[in-house]
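Subject: Structure for your review

Dear colleague,

Please find below the structure that I am handing over to you.

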Amino acid sequence: MASTTASEQLRTTRSRTTQTHVTQPDPTTPHVHTIEAALAQLAAHCRRMPPVAALGARPLGYDGKTLRLGAPLAANVNDKGCAFGGSLSGLMTLAGWGWITLRLQLEGLDAEVYVADSQVKYLSPMYEDLIAEAMPAAGESWDQFTDTLRRHGKARIAMQARVPIAAGGEAAVFTGRFVAMRPMR
């Protein structure tokens, strides 16, 4: 999938960048009554990973389709005073991973999620706090993913993410594939 397709699809999900609470979930999403608890657990998980804690990454909300993660510019600034490219990439990767992790938790499925491969395009310098928005790539089926995971103990899904700029446009876009596997521990 081309990044412009990911960018265009994510652009249709744009939320206010100042929103920091859990938005009203899509009623077709399973177990929606546990979204706040799942977001709190995701936030705690992020704090336990030193590189993610250093980013200052935190969940901002999940609306049943898109997971939004935020991080302060001050913790992710480069020598030019704008967002560090590695932080943009890391936050978008984390948003894709977090979306899958959150959905698995909401469905009561125990699996470890790993990034398999990814591509990032940097489009514009960013001089504000970072917000990454992630969702499955166009054409991906969550039901097929979970069915494969249940039957084979392993499944793959393509994700897309973006970091919007408040004035319009995007600082970066991401496409990547993630793998979920039954725990190996």
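This is a predicted model: local features need pLDDT of at least 70, side-chain atom pairs count only at pLDDT 80 or more; totals for chains, interfaces and linings use all residues.

Two packed helices are described by the angle between their axes and the distance between the axes, and both values are given for each pair.

The helices α2 and α4

The axes of α2 and α4 cross at roughly 135° and come within 10 Å of each other. Because of that angle, α2 counts as oblique to α4. The crossing in which α2 passes α4 is right-handed. On the α2 side, the residues that meet α4 are I35, A38, L39, Q41, L42, H45 and C46. Their partners in α4 are L94, W97, G98, L102, Q105 and L106. By type, this contact of α2 with α4 holds nine nonpolar residues and four polar ones, with no charged residue.

The helices α4 and α5

Helix α5 covers residues 142-152, and its axis lies 12 Å from that of α4, at an angle of about 70°. Angles from 65 to 115 degrees count as roughly perpendicular, and therefore α4 is roughly perpendicular to α5. Here too the crossing is described as right-handed, with α4 passing α5. W99, I100, R103 and L104 of α4 make the contact with W142, F145 and L149 of α5. Six of the residues in this contact are nonpolar and one is charged, while none is polar.

The largest pocket

Two or more lining residues come from each of α2 (35-48), α4 (85-106) and β3 (112-122). The lining comprises nine nonpolar, four polar and four charged residues.

Yours sincerely,
A colleague

Note on methods. Residues are numbered from 1 along each chain as its sequence is written. Side-chain values use heavy atoms; hydrogens and water are left out. Helices (H or I, at least four residues) and strands (E, at least two) are DSSP runs, numbered from the N terminus. Ala, Val, Leu, Ile, Met, Phe, Trp, Tyr, Cys and Pro count as nonpolar, Asp, Glu, Lys and Arg as charged, and the others, Gly among them, as polar. Axes are lines fitted to C-alpha atoms, for helices over the stretch in contact, and angles run from 0 to 180 degrees between N-to-C directions. Angles under 35 degrees count as roughly parallel, over 145 as roughly antiparallel, 65 to 115 as roughly perpendicular and the rest as oblique. A crossing is left-handed if the near helix is turned anticlockwise from the far one by less than a right angle, and right-handed if clockwise. Contact means heavy atoms within 4.5 Å.
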